[in-house]
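We will go from stop to stop, selecting as we go.

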Amino acid sequence: MVAQGFTVDLDKPLAFQVGHLGEAYDEWVHQPIVTKEGPRFFHSDFWEFLTLTVWWAVPVIWLPVVVWCISMSVSMGCSFPEIVSLVALGIFIWTFIEYCLHRFLFHMKTKSYWGNTAHYLIHGYHHKHPMDHLRLVFPPALTAIMCFPLWNLAKLIATPSTAPALFGGGLLGYVMYDLTHYYLHHANPTIPVTKSLKKSHLNHHFRIQDKGYGVTSSLWDIVFGTLPTTKALKRAQQKY
Ligand SMILES: [Zn+2]
Ligand SMILES: [Zn+2]
Ligand SMILES: [Zn+2]
């Protein structure tokens, strides 16, 4: 049921409120609140704790796994040039996965109670509170779940000795993605590449949310025509 005129109480846990917004959820979640203070998601301290991740947990937890995967392939006889190409291919495949996840899963349109709730917990919270620094990178438990299909994909397209290095490359691509995403939100880039990535990601947040899905590069936005046009950006700017 759609509760007409439902308003979210930002001082109370949000996770089970936002579903009540019904069709109004999509608009609500795309009106950002830019404070460093994050909202509370759950009443329960245990569940609340699970939603908080410091950015450095990502390299600390996942880089050893990347190294371990690569060493598996080395021990099964892969040469150095092979390892380098497999890791590079893995990173490249990740950029495509990153684009698809962000465009098709994270930006799914929802209006049902549980649809909205799920969307909020997957990506909606990041659009509502984009500067919440403890809720920006993927929680490790979520990444661990994501590893299963990715590992199966690697096994499907590579041989037993090359699959670990390919998967390791994909995982390294993920680490680079999450760190870049954090960096774009919380740092002031000084070189042109990162400056333009930041600009394009902030456009995704604050101007045109259905364009500019690539975080680590604009490659797939160019391929699939989801780069925002300068015209559309100007129009969006006039709204503020
Ligand atoms: Zn987004
Ligand atoms: Zn969205
Ligand atoms: Zn972001």
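**Before you start**

This is a predicted model, in which local features need pLDDT of at least 70, side-chain atom pairs count only at pLDDT 80 or more, and totals for chains, interfaces and linings use all residues. Residues are numbered from 1 along each chain as its sequence is written, chains are lettered from A and ligands numbered from 1 in the order in which they are written, and side-chain values use heavy atoms, with hydrogens and water left out.

**Stop 1: zinc ion, ligand 1**

Select the zinc ion (ligand 1) and show His102, His107, His123, His127 and His204, whose NE2 atoms are its protein donors at 2.1 to 2.2 Å. Donors here are N, O and S atoms within 2.8 Å of the metal (3.2 Å for Na, K and Ca); water is not among the atoms, so sites may look incomplete. Along the sequence, the donor residues of this ion are spaced H-x4-H-x15-H-x3-H-x76-H. Helices (H or I, at least four residues) and strands (E, at least two) are DSSP runs numbered from the N terminus. Both histidine 102 and histidine 123 are buried, where buried means under 20% relative accessible area, exposed over 50% and partly exposed in between (1.4 Å probe, protein chains only).

Which residue bridges the zinc ion (ligand 1) and the zinc ion (ligand 2)? Click on histidine 107: it bridges the two ions, which lie 5.2 Å apart.

**Stop 2: zinc ion, ligand 3**

Now centre on the zinc ion (ligand 3). The NE2 atoms of His126, His181, His185, His201 and His205 coordinate this ion at 2.0 to 2.2 Å. Its donors follow the spacing H-x54-H-x3-H-x15-H-x3-H. Histidine 181 in helix H7 (residues 163-186) and histidine 205 in helix H8 (residues 192-206) link distant parts of the chain, 24 residues apart. Are these two buried or exposed? Histidine 181 is buried at 3% relative accessible area, and histidine 205 counts as buried because its relative accessibility is 1%.

**Stop 3: the nonpolar core**

Select Trp62, Trp94, Phe167, Leu171, Tyr174 and Tyr177, the residues with the most contacts inside the largest nonpolar core, which has 31 residues. Such a core is a set of buried Ala, Val, Leu, Ile, Met, Phe, Trp, Tyr and Cys residues joined through side-chain atoms within 4.5 Å. Helix H3 (57-75), H4, H6 and H7 each give two or more residues to this core, and the largest share, ten residues, comes from H7. Zoom in on tyrosine 174: leaving aside neighbours within four places in sequence, it is in contact (heavy atoms within 4.5 Å) with Val58, Trp62, Trp94, Phe138, Thr143 and Met146. Apart from this core lies another, of twelve residues, among them Val8, Val29, Phe42 and Tyr120.

**Stop 4: the largest pocket**

The largest pocket has a volume of about 770 Å³. Of its 30 lining residues, the closest to the centre are Leu50, Leu121, Tyr125, Pro139 and Leu142. H6 supplies the largest share of the lining, six residues. On a 1 Å grid over the protein atoms alone, a pocket is an open set of points with protein on both sides within 12 Å along at least five of seven lines, a cavity is a set of points where a 1.4 Å probe fits but cannot get out, and lining residues have an atom within 4 Å of a point. Grid points are joined across faces, edges and corners, and a volume is the space filled by probe spheres set on the points.

**Stop 5: the cavities**

How many cavities of 30 Å³ or more does a search of the whole structure find? The search finds two. The largest cavity has a volume of about 120 Å³; its lining includes Gly90, Ile93, Trp94, Phe167 and Leu171. H4, H6 and H7 each supply at least two of its lining residues.

Finish at the second largest cavity, of about 40 Å³, with Thr95, Glu98, Tyr99, Trp220 and Asp221 among its lining residues. H4 gives the most to this lining, with three residues.
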